[in-house]
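Here is a friendly note to keep beside you on a first look. Please open the sequence and the 3D view, and take the points in order.

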Amino acid sequence: MAIAPLSGGVPDDQSPKAVAKWFERVARHNTQPKLSKLHFYLHNNFTGNKTTVVQVAQANISATSPTRFGEVRVLDSLLTVTQDVNSKAIGRGQGLFTFTSREELDFSTTLTFIFTSGKYRGSTIQLVGWSPFDKQYREFPLVGGTNDLRLAQGIGTFQTLARDAAKEVIQVDFIFFHY
């Protein structure tokens, strides 16, 4: 039995009472999670008037650390359907990352992917994890979502396709369960 708020659009009422009712309907109807996959591209810009990644803090040793240990950056970067930055925009990737190792170049991150068009317009999915720079693929746990992606759980994989001092393009693939 299909229940409108479980799929097909953002619920108008997102109050605590409405969310509780949604959970009660999921439990009452023994609703099974859906398996979904997403594939898109994240575009980070480090310089210029369209900068999307900025440093907001650093430890007293970050500037001299070969691993940038203690440096914190925030981002608000474009999501597109192809590797071309001028292709159709589907949302934004917003969050922060912190360089966390004295030994290796890596960072810990928390990101929210905000979808502004397409099937999941008005929904978000959250990612948390650790990313070593030297790996071709970096795997992150998907730990939640909102609206059509409520209770999302799965794996996100990042692959950096291009990077220089000014910008980078990351291929993002998600596979996850949600209600």
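The numbered points below go from the whole chain to single residues.

1. **Before you start.** What you see is a predicted model: local features need pLDDT of at least 70, side-chain atom pairs count only at pLDDT 80 or more, and totals for chains, interfaces and linings use all residues. Residues are numbered from 1 along each chain as its sequence is written, and side-chain values use heavy atoms, with hydrogens and water left out.

2. **The overall build.** The protein chain has one helix and nine strands. Helices (H or I, at least four residues) and strands (E, at least two) are DSSP runs, numbered from the N terminus. The C-alpha trace spans about 60 × 35 × 30 Å along its principal axes.

3. How many of the residues of the protein chain count as buried? Of its 179 residues, the share is 39%. Here, buried means under 20% relative accessible area, exposed means over 50%, and partly exposed is in between (1.4 Å probe, protein chains only). The accessible surface of the chain comes to about 10000 Å², and 55% of this belongs to carbon and sulfur atoms. Such areas come from the Shrake-Rupley method with a 1.4 Å probe; for residues, only the protein chains shown count as cover.

4. **Contacts along the sequence.** A contact means heavy atoms within 4.5 Å. Among contacts in the chain between residues at least 6 apart in sequence, 49% join residues at least 24 apart.

5. **A nonpolar patch.** Leu35, Ile175 and Phe177 make a nonpolar surface patch of about 290 Å². Patches are made of residues with over 30% relative accessible area and no salt bridge, where like charges are joined within 9 Å and nonpolar side chains (Val, Leu, Ile, Met, Phe, Trp, Tyr) within 5 Å. Leucine 35 lies in strand β1, residues 34-45. Leucine 35 counts as exposed because its relative accessibility is 52%.

6. **Threonine 51 in its loop.** Look next at the loop between β1 and β2 (53-57), where threonine 51 has its place. Is threonine 51 buried or partly exposed? It counts as partly exposed, because its relative accessibility is 31%. The side chain of threonine 51 reaches the backbone oxygen of threonine 47 at 3.2 Å, and one of its polar atoms lies 2.6 Å from the backbone oxygen of glycine 48. Leaving aside neighbours within four places in sequence, threonine 51 is in contact with Asn45 and Phe46. Threonine 51 and serine 77 are 26 residues apart in sequence, with their C-alpha atoms 8.7 Å apart in space.

7. **Arginine 73 and its partner.** Strand β3 (residues 72-80) holds arginine 73. Which residue forms a salt bridge with arginine 73? The partner is glutamate 71, with the closest N and O atoms 2.5 Å apart. A salt bridge is a side-chain nitrogen of Lys or Arg within 4 Å of a carboxyl oxygen of Asp or Glu. Arginine 73 counts as buried because its relative accessibility is 18%, and glutamate 71 is buried because its relative accessible area is 5%. Not counting residues up to four places away in sequence, arginine 73 touches a list of residues including Phe46, Val53, Arg68, Gly95 and Phe99.

8. **Other salt bridges.** The structure holds four salt bridges. One of them joins glutamate 168 and arginine 163, with the closest N and O atoms 2.8 Å apart. Glutamate 168 is buried, with a relative accessible area of 9%, whereas arginine 163 is partly exposed, with a relative accessible area of 44%. Aspartate 164 also forms a salt bridge, with lysine 167, the closest N and O atoms being 3.5 Å apart. Aspartate 164 counts as partly exposed at 40% relative accessibility, and lysine 167 counts as partly exposed at 43%.

9. **A stop at valine 143.** Finally, find strand β7 (residues 138-146), where valine 143 lies. Apart from neighbours within four places in sequence, valine 143 is in contact with Gln126, Val128 and Ala152. Valine 143 and glutamine 126 are 17 residues apart in sequence and 5.7 Å apart in space, C-alpha to C-alpha.

Key: A polar contact is a pair of N or O atoms within 3.5 Å; within protein, one must be able to donate a hydrogen and the other to accept it, and residues adjacent in sequence count only if both atoms are side-chain atoms.
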